[in-house]
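Student: Could we go through this structure together? I would like to begin with the overall fold.
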Amino acid sequence: MVKITFIQPDGSSREIEAEPGTSVMETALANNVDGITAECNGSAACATCHAYFEEDRLNSLDAMAEHENDMLDFAACERRSGSRLSCQIKVTEALDGITVTLPEMQ
Ligand code: FES
């Protein structure tokens, strides 16, 4: 299992055991983590699964496709260097111990 820590905008956090092969978005929804709505169910078409990943771990994430890059410009909260659509991030062992911060709104 891969441990992912989700941090809410208020600073509270939860460590979740994620199953490799699922997405970070699916992991959040399956564990009732607040802050991800995922209206398009993972099609990279809504940006309501926006999250901030640790900047020094970005190299361990799947590469960003052009459509994800475009959709991030429509995220409800500011885009930062660690911004990704969590539905596009597959859980792999390389993510073990990563911190994912949720934005104020989706
Ligand atoms: S769930 Fe819609 S973009 Fe990720």
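Student: How many helices and strands does the protein chain have?

Tutor: The protein chain has two helices and five strands, where helices (H or I, at least four residues) and strands (E, at least two) are DSSP runs numbered from the N terminus. Along the sequence, the pattern reads β-β-α-β-α-β-β. This is a predicted model, in which local features need pLDDT of at least 70, side-chain atom pairs count only at pLDDT 80 or more, and totals for chains, interfaces and linings use all residues. Residues are numbered from 1 along each chain as its sequence is written, and side-chain values use heavy atoms, with hydrogens and water left out.

Student: What box do the C-alpha atoms fill?

Tutor: Taken along the principal axes, the box is roughly 30 × 30 × 25 Å.

Student: What percentage of the residues count as buried?

Tutor: Of the 106 residues, 43% count as buried. Buried means under 20% relative accessible area, exposed over 50%, and partly exposed in between (1.4 Å probe, protein chains only).

Student: Changing topic, where does Cys87 lie?

Tutor: Cys87 is in the loop between β4 (83-85) and β5 (98-101).

Student: Why does Cys87 count as buried?

Tutor: Cys87 counts as buried because its relative accessibility is 10%.

Student: What separates the C-alpha atoms of Cys87 and Ile98?

Tutor: They are separated by 16 Å, and the two residues are 11 apart along the chain.

Student: And where is Glu17?

Tutor: Glu17 belongs to strand β2 (residues 13-18). Glu17 is partly exposed, with a relative accessible area of 45%.
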